[in-house]
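Hi there,

Here is the structure I promised to pass on.

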Amino acid sequence: MGTEPTEQISWGPYSGDDEETYSAEPLPELCYKTDVQAFSRAFQPSVSLTVAALGMAGNGLVLATHLAARRSARSPTSIHLLQLAVADLLLALTLPFAAAGALQGWSLGSFTCRAISGLYSASFHAGFLFLACISADRYVAIVRALPAGPRPSTPGRAHLVSVIVWLLSLLLALPALLFSRDGQREGQRRCRLIFPEGLTQSVKGASAVAQVILGFALPLGVMAACYALLGRTLLAARGPERRRALRVVVALVAAFVVLQLPYSLALLLDTADLLAARERSCLASKRKDLALLVTGGLALARCGLNPVLYAFLGLRFRQDLRRLLRGGGCSPGPHPRGRCPRRPRLSSCSAPTENHSLSRDH
Amino acid sequence: MAPRVAPLLALGLLLLWTSPALGSANDIEDCCLSVTQRPIPRNIVRDFRYLLIKDGCRVPAVVFTTLRGRQLCAPPDQPWVDRIIRRLQKTSAKSKRQSS
């Protein structure tokens with residue numbers, strides 16, 4: 001940063017110009033962001049296309065495996081994992097549009113702009129919410145697997161939760177659906193979200209507070225509480241599966257902290273700036289843009305990595321995948337472990353014990 | 001805005017800002033970060049353009065290009081800004097007529 005000469009106004013004695021003499025203070029000047037824009041033009045499409053490829057391959061595989069396994073009775077975790085894969089796949093499908101728009105401008109018109117932005121927003125929110133659902137499911141599964149635990153829940157409730165999550169995501173995507181515009185600036189058309197100018201400061205303030213609560217504190221709180229309780233239960237448990245299950249939890253939490261938290265924090269600071277109507281120097285503003293860009297890329301990468309973190313770590317998924325790859329999608333009859341095991345199997349639901357007899361391919 | 005609508009609308013807008021804008025973390029545009037409150041002398045200005053919210057800027061501004069090529073940010077809703085703009089439009093129309 002800072003390669004661009006930010007011309008400081010010098011009020012030197014050499015000047016006989018009116019321009020220099022009428023004021024003793026520097027005047028606010030236009031902030032040129034040429035260098036950040038150049039970086040963004042290279043960084044953003046490459047991240048988008050990489051995540052799109054990863055996301056389509058990984059989540060496509062998750063969905064194909066599920067369809068091939070044709071399992072009807074499912075645990076809440078696997079239902080929500082499937083929904084997460086659907087959300088991430090939809091998100092991945094919008095990314096090539098975004099990359100193309102960043103490279104050569106938006107050429108698909110306002111309607112497509114709204115549709116793609118809405119889909120992007122809805123699937124992003126759905127993915128985040130399903131992550132919180134999965135953490136809650138996992139905790140509930142562990143508690144239920146304990147001898148004194150309550151009875152297992154029906155898949156019906158998990159489906160209901162999924163419907164609610166999608167409706168909420170659509171609601172949250174409404175602004176993107178309504179306010180995205182195909183705007184022109186300096187010859188380049190861009191698809192972007194522009195809030196109506198009539199929005200008052202109080203509305204912005206209220207929405208920012210709600211954003212911090214619902215978009216940051218709530219998912220973070222749910223995940224932190226569930227995984228902390230889960231970790232505590234696992235640490236107190238015994239058995240060979242304990243370490244595996246603990247490893248999965250640590251991987252999930254670490255991925256979330258490394259990939260999602262920086263962006264959430266950057267947005268939090270940016271929102272604080274917006275609300276305080278704080279003035280920043282051009283250099284600070286460019287640093288902030290750069291931080292949002294890079295952390296935003298990381299947050300996007302999380303969506304591409306979800307299949308690896310959530311589905312591929314589950315052993316049942318790997319069994320199904322082997323069957324899919326071997327049998328060309330033909331399922332050899334009903335799976336013996338269609339339901340959550342009732343025994344205290346700590347890595348239950350998403351990761352039942354590995355059945356080594358199935359791995360004949362080596 | 002009705003007091004009951006505001007929180008609802010706010011709730012609708014909220015999580016939007018937590019998701020990356022389509023295509024990039026945010027729109028990185030050349031914008032004014034603030035505008036001058038003191039009038040700029042009109043004789044140092046040779047050109048102007050608008051950079052508004054619809055251009056992806058948070059602070060709507062009129063950007064005046066000075067004789068020395070600096071780009072000064074002015075508020076679009078001030079009468080002195082309007083006067084300079086009118087003057088610039090008049091002179092540019094005059095020069096066009098002369099050149100044609």
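In chain A, residues 290–313 are 92% helix and 0% strand, with end C-alpha atoms 33 Å apart. Helices here are DSSP runs of H or I of at least four residues, and strands are E runs of at least two, numbered from the N terminus. This is a predicted model: local features need pLDDT of at least 70 and side-chain atom pairs count only at pLDDT 80 or more, while totals for chains, interfaces and linings use all residues. Residues are numbered from 1 along each chain as its sequence is written, chains are lettered from A and ligands numbered from 1 in the order written, and side-chain values use heavy atoms, without hydrogens and water.

An unreviewed UniProt entry lists residues 290–313 of chain A as a "transmembrane region", and residues 49–69 are also among those it lists; such annotations may be inferred rather than shown by experiment. Residues 49–69 of chain A are 100% helix, with end C-alpha atoms 30 Å apart.

Now to helix H9 of chain A, residues 282–311. Of the 30 residues in H9(A), 21 are buried (under 20% relative accessible area, 1.4 Å probe, protein chains only).

For chain B, UniProt (unreviewed entry) gives "domain: Chemokine interleukin-8-like" at residues 28–88, a span that is 16% helix and 31% strand.

Best wishes

Conventions. Buried < 20%, exposed > 50% of the residue type's maximum accessible area, 1.4 Å probe, protein only.
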